[in-house]
Amino acid sequence: MFGYINANPEALDSQARERYAAYYCGLCRALCKRYGQVSRAVLSYDMTFLCVLLSSLYEPDESVLMGRCAPRPVHKRPRVVNEASAYAADMNVLLAYHKCLDDKRDEGGLKGSAWELLLRGAYQKVQRRHPDKCDRVAGYLKEISDLERSYDTSTDAAANLTGTLLGEIFIWKQDQWETPLRVMGEAVGRFIYFMDAYEDIREDSKKHRYNPLLSLWERDDFETLCREGFMMMISECVRVYDALPLIKDAAILENILFGGVWRRYVNVSEKRGKDNPAA
């Protein structure tokens with residue numbers, strides 16, 4: 001579920017690229033500070049996007065700290081730290097924990113169980129900080145799981161629930177921005193769900209696993225239908241984005257929405273062979 005809402009660093013100038021990296025490192029620091037070293041392993045580009053979005057919209061007081069990390073210990077790097085990064089860290093753990101539970105149910109084995117155990121304490125802290133949000137997210141995920149296990153043939157039902165879930169995650173405060181952020185999160189959630197299905201379609205078809213795109217898989221226009229659907233979802237994000245008073249770090253947000261989100265799609269599409277689902 002993670003990693004689709006990413007930037008295209010090559011298309012950013014050096015200043016914006018460093019700023020985006022500082023948000024990413026700041027989220028990593030917030031995860032470690034709030035939930036311990038192990039939580040850094042679930043650091044998400046999707047939640048980095050949320051951090052940049054909320055920071056741009058609300059412009060909370062921030063600190064830019066310099067520090068080293070284990071993967072890059074030689075040089076100190078800037079880290080953007082603010083209230084939005086703390087919230088994004090909470091939501092990162094919430095989603096990662098439920099992803100581990102989902103993997104544990106679907107695949108079994110020691111790996112899923114081990115990660116669920118490692119993140120359990122962190123998730124319990126998130127529950128204490130955001131009890132209502134955790135309850136709602138858990139409810140949506142159960143509905144999604146039930147739909148997938150029943151092999152519901154609708155291409156939209158589970159995606160819409162994923163959208164509702166991400167809409168909940170995107171809402172930081174109960175204020176005038178609640179509705180547009182919810183709408184934006186819903187579009188992002190549907191995009192992520194269908195992109196995940198698009199990426200897994202071949203293997204899911206071979207292994208007879210649930211995938212909402214299976215009914216379209218053998219069609220000659222499969223790639224066209226998927227591409228048009230993805231464009232509609234991102235267009236909804238952009239429509240909301242254009243209506244928000246976002247100036248700070250706008251270059252990063254526009255890079256993600258207009259280019260970065262398509263990188264994974266292009267890679268998968270080119271590898272598979274465009275308009276050739278049998279390839």
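The legends below describe close-up views of a predicted model.

**View 1. Serine 39 in the loop between helix H1 and helix H2.**
The loop that holds serine 39 runs between helix H1 (14–35) and helix H2 (45–58). The relative accessibility of serine 39 is 0%, so this residue counts as buried. Leaving aside residues up to four places away in sequence, serine 39 touches Leu31, Cys32 and Leu119. Tyrosine 97 is 58 residues from serine 39 along the chain, and the C-alpha atoms of the two are separated by 9.9 Å.

**View 2. The aromatic pair of tyrosine 151 and tyrosine 210.**
The count for the model comes to 16 aromatic pairs. In the pair of tyrosine 151 and tyrosine 210, the ring centres are 6.1 Å apart and the planes stand at 85°, so the pair is edge-to-face. The two residues are 59 residues apart and link distant parts of the chain. Tyrosine 151 is in the loop between helix H5 (131–149) and helix H6 (157–170), while tyrosine 210 is in the loop between helix H7 (178–206) and helix H8 (222–243). Tyrosine 151 has a relative accessible area of 48% and is partly exposed, whereas tyrosine 210, with a relative accessible area of 14%, is buried.

**View 3. Tyrosine 198 and phenylalanine 230, an edge-to-face pair.**
The rings of tyrosine 198 and phenylalanine 230 are 5.7 Å apart centre to centre, with 85° between the planes. Tyrosine 198 belongs to helix H7 and phenylalanine 230 to helix H8, so the pair ties together parts that are 32 residues apart in sequence. Both residues are buried: tyrosine 198 has a relative accessible area of 0%, and phenylalanine 230 has a relative accessibility of 2%.

**View 4. The surroundings of phenylalanine 230 in the aromatic cluster and the nonpolar core.**
One aromatic cluster is formed by Phe191, Tyr198, Trp217, Phe222, Phe230, Trp262 and Tyr265. Not counting residues up to four places away in sequence, phenylalanine 230 touches Phe191, Phe194, Met195, Tyr198, Trp262 and Tyr265. The largest nonpolar core has 90 residues, and those with the most contacts inside it are Ile169, Phe191 and Phe230. In soluble globular proteins, nonpolar side chains tend to be buried together.

**View 5. Lysine 173 over the rings of tyrosine 58 and tryptophan 172.**
The charged end of lysine 173 is placed over the ring of tryptophan 172, 4.1 Å from the centre of that ring. The charged end of lysine 173 also sits over the ring of tyrosine 58, at 5.8 Å from the ring centre.

**View 6. Positive phi values at histidine 208 and aspartate 249.**
Histidine 208, a residue other than glycine, has a positive phi near 55°. Its place is in the loop between H7 and H8, and with a relative accessible area of 64% histidine 208 is exposed. Aspartate 249, also a residue other than glycine, has a positive phi near 60°. Aspartate 249 lies in the loop between H8 and helix H9 (250–258). At 17% relative accessibility, under the 20% limit, aspartate 249 counts as buried.

**View 7. The salt bridge of arginine 120 and glutamate 116 in helix H4.**
A search of the whole structure finds 18 salt bridges. In the bridge between arginine 120 and glutamate 116, the closest N and O atoms are 2.9 Å apart. Helix H4 (residues 109–129) holds both partners, which are 4 residues apart and therefore separated by about one helical turn. Arginine 120 is partly exposed at 34% relative accessibility, whereas glutamate 116 is buried at 5%.

Arginine 264 lies in helix H10 (residues 263–272) and glutamate 199 in helix H7, so the pair ties together parts that are 65 residues apart in sequence. Relative accessibility is 29% for arginine 264 and 28% for glutamate 199; arginine 264 counts as partly exposed, and so does glutamate 199. Glutamate 203 is partly exposed, with a relative accessible area of 38%, and arginine 209 is partly exposed at 33%.

**View 8. A network of salt bridges.**
The residues linked in this network are Lys133, Arg136, Glu168, Glu178 and Arg182.

Conventions:
Residues numbered from 1 in each chain as written. Predicted model: local features only at pLDDT ≥ 70, side-chain atom pairs only at ≥ 80, totals over all residues. Heavy atoms only, no water. Buried < 20%, exposed > 50% of the residue type's maximum accessible area, 1.4 Å probe, protein only. Contact = heavy atoms within 4.5 Å. Phe/Tyr/Trp six-rings, centres within 6.5 Å; stacked < 30°, edge-to-face > 60°. Lys NZ or Arg CZ within 6 Å of the ring centre and 35° of its normal. Core = buried A, V, L, I, M, F, W, Y, C linked by side-chain atoms within 4.5 Å. Salt bridge = Lys/Arg side-chain N within 4 Å of Asp/Glu carboxyl O.
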